[in-house]
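Subject: Structure for you, with notes

Hello,

Here is the structure you were waiting for. My notes on it follow below.

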Amino acid sequence: MINSFKKMFSVESEPVNTTGKPDICREKSAELYEKAKTYFPGGVNSPVRAFKSVYGTPLFIEKGDGSQLWDADGNQFIDFCCSWGPLILGHNHPKVREKVIEVMQNGMSFGAPTALENELAELILKNNKLIEKMRFVSSGTEAVMSAIRLARGYTKRDKILKFEGCYHGHSDSLLVKAGSGLVTFGETSSAGVPKSFADETIVVALNDKKAIEAAFDEFKGQIAAIIIEPVPANNGLLLQEKAYLQFLREICTQNGTLLIFDEVISGFRVGFEGAAAYYDIKPDILTYGKIIGGGLPVGAYGSSVEIMAHVSPDGGVYQGGTLSGNPVAMAAGIAQLTELLRSNFYRDLDKKTEEFVSAIQRFATARNYKFKVFSIGSIFWFAFTDQEAIRRADEIDASSMELFKKLHRELLNRGVYLGPSGYEVGFISSAHTKIDLEKAKRAIFDSLEVVFGGK
Ligand SMILES: *Cc1c(COP(=O)(O)O)cnc(C)c1O
């Protein structure tokens, strides 16, 4: 999300298609896009959708079913974007659809408690030993924004520390990027964020213990929370070492600083209990989104009984929402999470992903392509690099995104849909069949050959 956002104004002339297959028809999408541009800034309701860093008109989607996606021109794709993560069961899963329809018969929203909120909370809290109490909100952004406020209210401190290369939604204190230097106050990464807000956010590079130590030296007793994506997956897939995450846990404890794991992507993805359980590290506050709502708008944050007692109306940290805990959205969440709790769900999904990515890696390695597939659980990222690991945002070669742009076009022409930015990760759902993955692999092999000029 971060980099697509940065690059939204870098429109270039479209390259002529000289390789691979002819381009798919985008006539209807183009028509819809022209109209959309008169309604919405850039023709979209979220910047990355505008296809600014890949070739061509954004595709307008008409339908999704299982692993498949259809656009307005009738093109069909195997989808590896999966709505940017929420659809771990694929599109239009019958259990989710049926539960939503059933609950909808009773009305859409009451602004009053329903049993469905209890049901989803119980499902989560009974199966997640990291949190004791939670709050439902309507997006990941809202969950993180609320978690930050809670951390500040609880610690009575103002500063937060975040990492360059992690995305936490678009609330003001988090639209902040690193300046130059080891430990910096952030510079705003969006117009409209007051500098004084950015001054409360310290930004450091990932995977750098010295920078964290320096920040705690410089701002002793002032840092309310460190917030991190334990599986940074919004600016490439910057997998961190467990020892580093453990170090963050320890230094937070030593300094009375709360550790927030933003698990909006990794929650319910790398296992039901997310990255915290995967790495066996207990953060103080966790945030969720994406998968938790089964494709409808739900976010959540959770913590210990003691910390959550600070949230209103029990405590002084205000946070509310007209549509929070919306019954239809809760229904989708209940149906989806119920499926995830079936035995071997994650084992099967992860195994399928592992086979998929290792076959692609073998293909690329055998041909000496400068290409790596990084992955964890059912998340993968294609990187045009020969580095063994990429753990920091500044280790990504920005010029390699030109190659992604080519790959994206070739893949669309072969019926494979990836999110329209090389900084974005891909997702595999339980709806992706062996046959889908076989087909996708072949398309990826052929596309890589075109991109690397082997054919
Ligand atoms: C997607 C995402 C968010 C923002 O969630 P929205 O629902 O888009 O507001 C926050 N944090 C992380 C880690 C995310 O991946």
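In what follows, contact means heavy atoms within 4.5 Å. Helices (H or I, at least four residues) and strands (E, at least two) are DSSP runs, numbered from the N terminus. This is a predicted model, where local features need pLDDT of at least 70 and side-chain atom pairs count only at pLDDT 80 or more, while totals for chains, interfaces and linings use all residues. Residues are numbered from 1 along each chain as its sequence is written, and side-chain values use heavy atoms, with hydrogens and water left out.

Domains

The domain assignment, which is automatic or from a database, gives domain 1 as 5–92 + 344–451 and domain 2 as 94–340. Taken over C-alpha atoms, their centres are 26 Å apart. On the domain 1 side 28 residues are in contact with 36 residues of domain 2. Between them the two domains bury about 2,700 Å², with 62% of that on carbon and sulfur atoms. In domain 1, the residues that lose the most area to domain 2 are Tyr346, Ile376 and Arg391, together 26% of what that side buries. Buried area here is the accessible area (1.4 Å probe) that two parts lose on being put together, summed over both.

Helix packing

Two packed helices are described by the angle between their axes and the distance between the axes. The axes are lines fitted to C-alpha atoms, for helices over the stretch in contact, and angles run from 0 to 180 degrees between N-to-C directions. Angles under 35 degrees count as roughly parallel, over 145 as roughly antiparallel, 65 to 115 as roughly perpendicular and the rest as oblique.

Helix 12 (residues 345–366) packs on helix 14 (residues 434–451) at an angle of about 20 degrees, with the axes 10 Å apart. Helix 12 is therefore roughly parallel to helix 14. From helix 12, Lys352, Glu355, Phe356, Ala359, Ile360 and Phe363 meet Lys434, Leu437, Ala440, Lys441, Ile444, Phe445, Leu448 and Glu449 of helix 14. The residues of this contact divide into 9 nonpolar, no polar and 5 charged. In this scheme Ala, Val, Leu, Ile, Met, Phe, Trp, Tyr, Cys and Pro count as nonpolar, Asp, Glu, Lys and Arg as charged, and the others, Gly among them, as polar.

Helix 14 also packs with helix 13 (residues 401–413), where the axes come within 9 Å and cross at roughly 135 degrees. These two helices are therefore oblique to each other. Leu403, Lys406, Leu407, Glu410 and Leu411 of helix 13 make the contact with Ala443, Ile444, Ser447, Leu448, Val450 and Val451 of helix 14. That contact has 8 nonpolar, 1 polar and 2 charged residues.

Loops

Most residues other than glycine have a negative phi, and most peptide bonds are trans. Trp84 has a positive phi, near 70 degrees, and lies in the loop between strand 3 (76–79) and helix 3 (94–104). A cis peptide bond, with omega about 10 degrees, joins Ser312 and Pro313.

Pro313 is in the loop between helix 10 and helix 11. Ser324 is found in the loop between helix 10 (305–308) and helix 11 (327–340). Ser324 lies 189 residues from Arg135 in sequence, but their C-alpha atoms are 8.6 Å apart. Leaving aside neighbours within four places in sequence, Ser324 is in contact with Phe136, Val137, Ser138 and Glu142.

Regards
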